[in-house]
Amino acid sequence: MSKVELTNGTASATEHKVQQITTRTDSREILANARRDIARYHLDDYFIVDVDAHHVEFDSWSEILDHLENPVLRHNAKSMTQNWPNAKQLAFSNHPVGMTFQDVFGRIPHQCELGEHVDKTDEHRDLTLVRRAMDSMGIKMQIVFPQPMLEMGLHPEPDIVTAMTFAYNRWFTKTILPREKRVKTLLCLPFHDPDACMKMIQEFGETPGVVGFMITSQRHAGVHKNMYMRVYKELEERGLPLAFHAGPTWGDTMTSTMNRFLGVHSMSFVTCNMTHMTNWIVNGLPERLPKLKVIWIESGLAWVPFMMQRLDHEYLMRQSDAPLLKRLPSEYIREMYFTTQPLEVTIPHMLEATFKAVNAETQLMYSSDWPHWDFDVPSRIAGIPFLSEQAKRNILGETARKLFHL
Amino acid sequence: MPATSQRVYVGASARVPEGGRLVVDVGDTTIGIFRFQGQLYAYLNTCAHQGGPVCQGKIIPRVTEVIDPGGESRGFAFDESSLHIVCPWHGFEYDIKTGVHPGRPSARLIRVAVDETSEGVYVTF
């Protein structure tokens, strides 16, 4: 930082050390204003749990592929990384590099890459980046998810999905999770294959730091089908929550009509979770699995009041279609858990009504989604005027502490 | 920010080039100074959205969409007469001349008074 000039002996201006934030900027500089909010909102007084954040497994891709159990698949994937320049960090994934629109074309650099300097030590680079983000935002614990691996739910080849999901989960639970008690995870399930899901739960269900399991980006499976019941029951018996982490696609019949990513991103995340919630409710899964805790992640909240009203309206006229239900669909939805991000705040009275609808004080959990382009800082919750102090505490961390036994 | 306003020298004029910016710290306050079409503009480095470091974002002309007389779209274009500063946290864009988001007038940056003499650029806040 270079001093420019002293003035009148009272104040001086110095050139700020980073003039423009890029993909190489340190996370602590990018999030410096969030660190300032810790004092402004007294966030140090809160136990903040971030229920949805991401590390970037691109840099660890080769290590992850080393964990592929099948030697032929391992050879095939490693061969792809060695011979295809564009596949070094993505072999066997379902991540389309030519369709990465999230950063609004260079306007939001941290979405593209956290390419900052990290000293080479025995510590894993990803863990250093996760800690920098947590400390900058005043977050005490973070549930960390991958990024391209989240797109496995739409991968066309089931055997690769199963193999890669096991490889990633084994790598993450061995390489990242044991090194930081503040990091927790909900592990991906290879949802197309219930046998593999059962194996996954049995292998990792008691692993320290694994606080539950999740279904990711999968949008073409009927979650109510009988073949999944043993998976759900296994989670219910173990007291482990099941999360639905939404993911978008430009390839659905609906989104394929859209010419702007704004439209795709607005609709596709939400319809992913709307579809699963509809099947979950009308097939009576809350009645069949009364103790299973279900969490809906990364779809914001505005969709939930719509679902409550719409399903209630239809159910009352077509009760025979959903004979297992003993209450209105909205009553079951109010007992589910939701994460906050991306919180839709442009119409304050609708936000307040939405918080009331979802029983936010007991069912809503803060999530940042860092380092994604539409992340939310904790002050997003701390600054909401209609929330009581206890509601803020619950949303920012106490509900998560209780749900995940943190 | 201090309770009483103060005029602070921030640097020689050349440090704020045409179409560019200089971001400075004065105590705990970070200010971005921009020059566009020969005029200086200055704002606090706090986005109206979630408080992001807006002045450290990408500077880019406003994007428009060309509609022909028949009402058909002819695609995107840059409007070089309107320069935007984009918050790097979430992409909120502001017209550098007005500090206002083009789609929501209530979303606006906090302006800082800026002036220029033969000695250089000053901010008063």
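This is a predicted model: local features need pLDDT of at least 70, side-chain atom pairs count only at pLDDT 80 or more; totals for chains, interfaces and linings use all residues.
Residues are numbered from 1 along each chain as its sequence is written, and chains are lettered from A in the order in which they are written. Local features need pLDDT of at least 70 and side-chain atom pairs count only at pLDDT 80 or more, while totals for chains, interfaces and linings use all residues.

**Helix pair**

Helices (H or I, at least four residues) and strands (E, at least two) are DSSP runs, numbered from the N terminus. Helix 10 (residues 261-282) and helix 12 (residues 303-317) of chain A pack at about 35°, with their axes 11 Å apart. Axes are lines fitted to C-alpha atoms, for helices over the stretch in contact, and angles run from 0 to 180 degrees between N-to-C directions. Residues are in contact if their C-beta atoms, placed from the backbone, lie within 7 Å. The table lists the residues that make this contact.

| Helix of chain A | Contact residues |
|---|---|
| Helix 10 | A:Val270, A:Met274, A:Met277, A:Thr278, A:Ile281 |
| Helix 12 | A:Trp303, A:Met307, A:Leu311 |

**Chains A and B**

In chain B, 25 residues are in contact with 27 residues of chain A. Strand 1 (7-11) and strand 2 (21-26) of chain B are the elements that give two or more residues to the side touching chain A. The largest share, six residues, comes from strand 2 of chain B.

Strand 2 (residues 11-15) of chain A runs antiparallel to strand 2 of chain B, and three bridges join them; strands pair if DSSP finds at least two bridges between them. The bridge partner of A:Ala13 in strand 2 of chain B is B:Val26.

Note on methods
Two residues are in contact if their C-beta atoms, placed from the backbone, lie within 7 Å.
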